[in-house]
Amino acid sequence: MFRNFKMVSKVVFGRGCFSQLGDILQVQRQGNESVMVFLVDDVFENGGLKKRLPHNADDLIVWVNVDDEPKTVYVDQLVMQVKTHMADKQDNLPSGVIGIGGGSTMDLAKAVSLMLTNRGSSADFQGWDLIKTPAVYHAAVPTLSGTGAEVSRTTVLTGPEKKLGINSDHTVFDQIVLDPEMIANAPNPQRFYTGMDCYIHCVESLEGTYLNSFSQAYGEKAMDLCRQVFLADPEDADDRLMMASYCGGMSIAYSQVGICHALSYGLAFVLGLHHGIGNCVAFDTLDAYYPQGVKEFRQMMTRSAIELPRNLTAGITDAQMETMVNVALVLEPLWENALGKDWKTIMTREKISELYLKM
Ligand code: NAD
Ligand code: ZN
């Protein structure tokens, strides 16, 4: 079966296009009491962004905290907050949910919009195509570029039992607002870590066995843009990085990521390491699998003066190592993409432990 995937319905791109958000949302507002919910990364709470939000008196602004990557309990709590806000309104549901932030905040917006129309806990929907009812209208404004969360059909959540996305056609944003000015002040090393998520998506997609011309076309473009941004530093680096993230996301939509992402999920689950930095830590040990990509990644690190944390797994228990290996191994399509159908004969538990011990 060929994947028949849903894409973001509307995209606006350009420096300053954030100021168009009010007009864009106006089209979605129904009736006089229409409510928009803005989920905004709390890193912006004390800056000038609040004044620029195109909000009406009845709208709800929630400053979300992403010190931890999104958890299902947090999503459920946000959904309750929105429902409480809607209790005395004419409509039961808001007209839209808008996520403004990095991958974590965009994922929160996707998840909340889905869980407003689907009963139960968000943990019940971690998996593939378990969502049956369309979400409320949802839009995103990225403030970091690299994850591709703005185009993907998943919202990655950590639940009581697993770190796994809610993957569905309904997860995909209805609108994205790609304004390079919104990522202009993202500080290093965060900008680098998130940017490298994109670079690593490209390496894993382009070197994977699932590769096809669709993925290759987007992957090569995204990789080229990453090189321009992280090896040359052009004046319009933010514009290029934003488009790299978009193309990188499109590339993996029709292929898959690989070994680095599988290992990074284990690091996140056991050590709480965030996605971008976890990928960088894992990728730096993968010379044997992605020699060219790792070499270039190190050049980019040097150029951005990034020092990776070391000895992260030095003090872990046997039980923690066991869990990390288990979490990594569950992601079978990633291993198959990287190593082919016979991956189980190539990648043993011992080899995975050895890689973790290098981190
Ligand atoms: P993030 O959203 O987790 O944010 C990282 C940090 O940067 C946070 O402290 C945040 O407050 C801060 N931040 C965000 N924008 C900023 C700005 N402009 N200036 C200063 N600080 C800013 O980072 P990320 O790397 O974009 O996203 C990682 C998350 O995305 C993980 O939770 C991961 O699981 C998820 N993810 C999702 C997908 C998907 O397809 N849905 C793909 C990859 C990763
Ligand atoms: Zn990633």
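Predicted model: local features only at pLDDT ≥ 70, side-chain atom pairs only at ≥ 80, totals over all residues.
## Where the domains meet

The two domains touch each other, with 24 residues of domain 1 in contact with 21 residues of domain 2. The size of an interface is often given as the accessible area lost when the parts come together. For domain 1 and domain 2 the buried area is about 2,000 Å², and 65% of it is on carbon and sulfur atoms.

Polar links also cross between the domains. Seven residue pairs, both residues at pLDDT 80 or more, are in polar contact between domain 1 and domain 2. The count of salt bridges between domain 1 and domain 2 is one. That salt bridge pairs the side chains of R15 and D239, with an N to O distance of 2.6 Å. On the side of domain 1 that touches domain 2, strand 1 (10-13) and strand 9 (175-178) each supply at least two residues. The residues on this side of domain 1 are eleven nonpolar, four polar and nine charged.

## The ligand

Ligand 1 has 26 residues around it, and those that come nearest are D41, G103, S104, S152 and T194. For G103, a backbone N or O atom lies 2.7 Å from an oxygen atom of ligand 1.

D107 has a polar side-chain atom 2.8 Å from a nitrogen atom of ligand 1. T143 likewise places a polar side-chain atom 2.8 Å from a nitrogen atom of ligand 1.

## Salt bridges

Side chains of opposite charge can pair when their charged atoms come close. The structure holds 17 salt bridges. One of them joins the side chains of R29 and D59, at 2.7 Å from N to O. This pair links distant parts of the chain, as R29 and D59 are 30 residues apart. R29 sits in the loop between helix 1 (21-26) and strand 2 (36-41), while D59 sits in the loop between helix 2 (49-52) and strand 3 (60-64).

## Backbone details

A cis peptide bond is found between N188 and P189, with omega at about 5°. P189 belongs to the loop between strand 9 and helix 5 (190-206).

Two residues other than glycine have a positive phi. In D233, phi is near 60°, and this residue lies in the loop between helix 6 (213-232) and helix 7 (237-253). In A305, phi is about 55°, and A305 is placed in the loop between helix 10 (291-303) and helix 11 (318-330).

Terms used
Residues numbered from 1 in each chain as written. Chains lettered and ligands numbered in written order. Heavy atoms only, no water. Contact = heavy atoms within 4.5 Å. Buried area = accessible area lost by both parts, 1.4 Å probe. Salt bridge = Lys/Arg side-chain N within 4 Å of Asp/Glu carboxyl O. Polar contact = N/O pair within 3.5 Å; in protein donor to acceptor, adjacent residues only side chain to side chain. Helix = DSSP H or I, 4+ residues; strand = E, 2+ residues; numbered from the N terminus. Nonpolar A, V, L, I, M, F, W, Y, C, P; charged D, E, K, R; others polar. Near = heavy atom within 4 Å.
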